[in-house]
Amino acid sequence: MGKFFAIIVVIIAIASAYPIIAHKYVQPEDISTHGHAIDEQLSDTMAESGFAFLGAQFVLAFFVWRFTARKDGTKVSHLPGGAKLMVVAAFILVGTEVLALGVFGQKAWASVYFTAPKPDDLQVQVQAGQFAFYFRYPGPDGKFGPLHPDKIDEGNANFFGLDPANDVEARDDVVAAELAVPVNKEVHLLMHAKDVGHSFYVRELRLQQDFVPGLDLSLHFTATKPGKYEILCTQLCGLGHYNMKAYLDVMTQEDFEKWMKEKISEQ
Amino acid sequence: MQEASPAQVHAPPTSFLRKHVFSLDHKVIGLQYYGLALAAVTLGMVLSWLMRFHLVWPTVAVPGLSLISKVGAPGGIITPEYYLSLLTMHGTLMVFFVLTNAPFAAFGNFFLPIQIGAEDMAFPRFNMMSFWTTLAAFLVLITAFFIPDGPPISGWTAYAPLSAIGSDAGPGLGWGQTLWAISIALFCAGSLLGALNFISTTLDLRAKGMTLMRMPICTWAWFITSCIALLAFAVLLPACLLLILDRTAGTSFFIPSGLVVSDRLQPHAGGSPLLWQHLFWFFGHPEVYIAILPSMGIVSHVLMASMRKPLLSAKVIIYSMLSIGFLSWMVWGHHMFVSGMNPFSSLVFSFPTLTITIPATIMTLIWLGSLYGANIRMTSASLFSLGFISMFVSGGVSGFFLAQPSIDIYLHATYFVVGHFHMVMGVASIFGVFAGTYFWFGKMTGRMLNETLGKVHFWITFIGTYCIFMPFHYLGLVGNIRRYSTFVDDFMGPLMPLHKFITIAALITGAGQLIFLFNLFHSRFWGKPAPQNPWDGTSLEWSIPSPPPWNNFGDVHPVVYHDSYQYGVKGSKGDYVMQDSPEQVVGG
Amino acid sequence: MSSTTYTPVAIPVAQQARTRVNVVARSAADGASRSGVWVAIFAITMSFAAFTSALFVREGGSVDWTHLVLPPILYANTLVLLLGSVTLWMASRAVNAHALLDSHAVKTVMGWLIATLALGLLFIAGQYEAWSQLAAQGLFLSTNPNSSFFYVFTGMHILHLLGGIAALVYLVGQLVGSHTTFRRAAFHNTAIYWHFMGVLWLYLLFVLRTKL
């Protein structure tokens, strides 16, 4: 039974590692300026923990193979070095790994959260509500009109609760159901939750941030490749959660200006 | 006026009710907890079957399901909101009523007093109340299935404000969510009483000669776990009370102003959704260790009897468990890396999270290193213990990814997380429960489990759980989001074959558990009578008959002369010396 | 730790036979109930720490935090509760002074216990009066965060105090019945718990006074 256990463990370990080593399941191509740091961190961690995983499983298999159901009267013996060796090994192996990952990982985190948005970035407000995202651009005046939750009226497409009759800034605000941004331009995303918690997740951007009701957070990113990418809600928000998505449309500067003109004329 | 001390020694129960239902006997209470966990795990597993089934065959009707919920599954087809109900109930049942009850409350109640040589728990009445409160919590939770609105849909984490607003936010968030909050509050109260008992019993009712360091490792694990539980549930209980007030009394602890839900401006102001997350995860992360520490203890205990030698160092294992228990209080923020907390705190929480892998690695290396030079007896209990090590490693390494906030930006809320915690706290912990069951069933019931069935059960479960949960990691790497009832998104289409594979594996592995259930019920009545010490163990539970008499040690008080690791030494009975044997130990 | 390093334990022959059960178990159980009280106090402290941190977080991020004038009767109540601790301390002195409780000692102890019980009930009545005064000002549980926390804190404290009241009733019941026995450990544990309730209330009063 010991030998059988060993064989199964080795098969499981190799079968588990194969799809990773063969790159069968990988993250999509990165289209952000900060994503490569996260990807690098991910592949470093994969190498280190893959090594730990395979090593531990193989040692387990070998010991069980070797030390199961030996002849009666076989004297048990102990690993030379004993517990001290194990403790030292754990501190050296994992301790350095912890330090390395911890320290290098900070850089990737800092690139997302600790850099100030550029002053000339494109400001877009995103509102998450059950079960849709809406995006608002400040329009030619560069200013967002204030929000009035009591004025929200989905039937009349007033998703944000704007009051153009009284607020001058709100009159030229552009509201869209997709997030159109120019390529290679920093976007400053102002996040607002209308009802419950939601999250903003774009796999290709390596970006995920929760919406917290009552707490307006912001994010900034630069997309580097034109195309259409899915924005998903990743925070359980109710029955339509699985269907809450929008598109990020990264376009050239000219296309973006054209798009914006069309939107303004629609308003 | 006479003076006396409390009658900790209770009289033998005579009536049927006192013996089997409202029993003060820690052994009966342990069995009751085990039964409750068994009911909960069966239900929880069926729910996971339904979820897996729905994910890959969303249009195929599940026969009979419409009888249980006409609204949730019209014609047997699960609606998106019913999927979320299933998910919420599955998580709640498994985390609270299975992973807390089975390894900790069930085995702990049965064996902790015996292993320290006590006649019963310190407060038998509290102990009984603890079980009945937990049972009430279970029944309240289950009631949610049968109310018109259905069970809650906010996940086992019940993030506010979704969980706090009420039925405006969706079906199940009316009475269903209130029942959930009441159930968890009751569960907290029951667990607090249990933890109180465990701690006092361990501190004060140890037999003569049973020093703290002579206690078996699993006793230590239960003791440390009860210290963690005492603090964790003492925080979750207030959180649940505040949630209940927000839901029913119109307060605004967790609900901010200006929320428009279902076109209705909510009459709340100023609350903080992050407050719920902080309180919840301050409990929630230690809860992970409440689930896994007892299994670590059980596995260490079983392994020594299987290997016929002590672990390289029991002390190091105990100190590692203590440091895990200590560190578990500083890491709750790693559940909230992308939740809108100050980004600086994410880095602060990341370090203790990574550091906690050091004691976990030490324990793994001690288990592995101890196998060297052993003479392993391959029983079902041994297999599950070895399987535990394999599973703990597999689930543990993925923790490296999630402990780093930068990687968590990408992997948060994906199946990678689901794979990680299912393996490391779910499956690993359950493997500990299985090991304990095969090891102790004879002691608990007086009948041995069938070993052949046990081994078949192991192979199906071991290979099956790997087939289910390893692919979860692959899905997560691609960015597959959790808690989605249907994969409508473009990139998830190509992942469907993998999802089908997982579902089929889950159905087979789940069916394999029927072997275990059959074994339990069949052996309970027709199994081989259990000898006093079937596995040549050394700890006190093996010094008394199977099953033990109502007062454990009969009329005698055991005296302990050794620690419980006297394996591989020369004793008069074989290669081991019992803890209560006055024999002197001759070098091995 | 290898198996060869065990030092042989010298065991007196007399101990080798398992000893018969004797009264030793009693003191262990008394010890357990003492630990039990301290463990419970620890858990309750943790709970109120959670409530307090909830208050801090809730105050921190909000714009609707107002000011609440505590009903002055709270200070009188505080005095009543502390006086209860004093009477209970007198009871402890009486218990400690007598190795065996004769009928005279029983009377003294019972007198102090009943005084404590009465003061405890008076405190609860006083807290109820404080609630009524707030309600008369239109301040209810859900009126604003300050009133919410006021009701929650005071309510939870009373809930815990009821446990102490029940223990006092139990002790008095023991002294009244002629055939029952008196448990010193139960008495001392009740006293520890009751004094803790006083300390807890002082802490809560401080928090309510400075934060609300």
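Here is a short tour, topic by topic.

Keep in mind that this is a predicted model. Chains A and B meet over about 8,500 Å² of buried area, chain A splits into two domains, and 14 salt bridges turn up over all chains.

**Where chains A and B meet**

- The contact brings together 102 residues of chain B and 99 residues of chain A.
- Of the roughly 8,500 Å² that the two chains bury between them, carbon and sulfur atoms account for 74%.
- On the chain B side, Tyr372(B), Ile409(B) and Tyr410(B) lose the most area to chain A, and together they make up 8% of what that side buries.
- How many salt bridges does the rule find across the interface of chain B and chain A? The count is zero.

- Ser406(B) sits in helix H14 of chain B, which covers residues 405-411.
- Ser406(B) counts as buried because its relative accessibility is 0%.
- Leaving aside residues up to four places away in sequence, Ser406(B) touches Ile38(A), Gln41(A), Gly105(A), Ala108(A) and Trp109(A).
- Trp459(B) belongs to helix H16 of chain B, residues 451-478, and is buried, with a relative accessible area of 12%.
- With residues up to four places away in sequence left out, the contacts of Trp459(B) include Met1(A), Phe4(A), Phe5(A) and Ile8(A) from chain A, plus Leu383(B) and Gly464(B) from chain B.
- Pro238(B) is 221 residues from Trp459(B) along the chain, and their C-alpha atoms are 43 Å apart.

**The two domains of chain A**

- Domain 1 takes in residues 2-68 + 83-113, while domain 2 runs over 122-266.
- Taken over C-alpha atoms, the centres of the two domains are 38 Å apart.
- Their contact uses 13 residues from domain 1 and 15 residues from domain 2.
- About 1,200 Å² is buried between the two domains, with 54% of that coming from carbon and sulfur atoms.
- Pro28(A), Ile31(A) and Tyr113(A) supply 49% of the area that domain 1 buries against domain 2, more than any other three residues.
- The rule finds two salt bridges across this domain interface.

**A nonpolar patch on chain A**

- Ile7(A), Ile11(A) and Trp65(A) make a nonpolar surface patch of about 300 Å².
- Trp65(A) comes from helix H2 of chain A, residues 35-67.
- Is Trp65(A) buried or partly exposed? Trp65(A) counts as partly exposed, because its relative accessibility is 40%.

- Side chains of opposite charge can pair when their charged atoms come close.
- In chain A, Lys225(A) pairs with Glu29(A), and the closest N and O atoms are 2.9 Å apart.
- Another chain A pair is Lys194(A) with Glu154(A), where that closest distance is 3.0 Å.
- This second pair links distant parts of the chain, 40 residues apart: Lys194(A) is in the loop between strands E5 and E6, and Glu154(A) is in the loop between strands E2 and E3.
- Lys194(A) is buried at 5% relative accessible area, whereas Glu154(A) is partly exposed at 30%.
- Over in chain B, Asp25(B) forms a salt bridge with Lys27(B), with the closest N and O atoms 3.2 Å apart, and both residues are buried.
- Asp536(B) and Arg377(B) also form a salt bridge, at 3.1 Å between the closest N and O atoms.
- That pair links distant parts of chain B, 159 residues apart, with Asp536(B) in the loop between helix H17 and strand E4 and Arg377(B) in the loop between helices H12 and H13.
- Asp536(B) is partly exposed, with 23% relative accessible area, and Arg377(B) is partly exposed at 35%.

**A look at chain C**

- Chain C has six helices and two strands, in the order α-β-α-α-α-α-β-α along the sequence.
- Of its 212 residues, 48% are buried.
- Among chain C contacts between residues at least 6 apart in sequence, 81% join residues at least 24 apart.
- Chain C exposes about 10,000 Å², with carbon and sulfur atoms supplying 70%.
- Thr190(C), in helix H6 (residues 184-211), is buried at 9% relative accessible area.
- Not counting residues up to four places away in sequence, Thr190(C) touches Leu88(C), Gly164(C), Ala167(C), Leu168(C) and Leu171(C).

Terms used. Residues numbered from 1 in each chain as written. Chains lettered and ligands numbered in written order. Predicted model: local features only at pLDDT ≥ 70, side-chain atom pairs only at ≥ 80, totals over all residues. Heavy atoms only, no water. Patch = residues over 30% accessible without salt bridge, like charges linked within 9 Å, V, L, I, M, F, W, Y side chains within 5 Å. Areas by Shrake-Rupley, 256 points an atom, 1.4 Å probe, with all protein chains shown as cover. Salt bridge = Lys/Arg side-chain N within 4 Å of Asp/Glu carboxyl O. Helix = DSSP H or I, 4+ residues; strand = E, 2+ residues; numbered from the N terminus. Buried < 20%, exposed > 50% of the residue type's maximum accessible area, 1.4 Å probe, protein only. Contact = heavy atoms within 4.5 Å. Domains from an automatic or database assignment. Buried area = accessible area lost by both parts, 1.4 Å probe.
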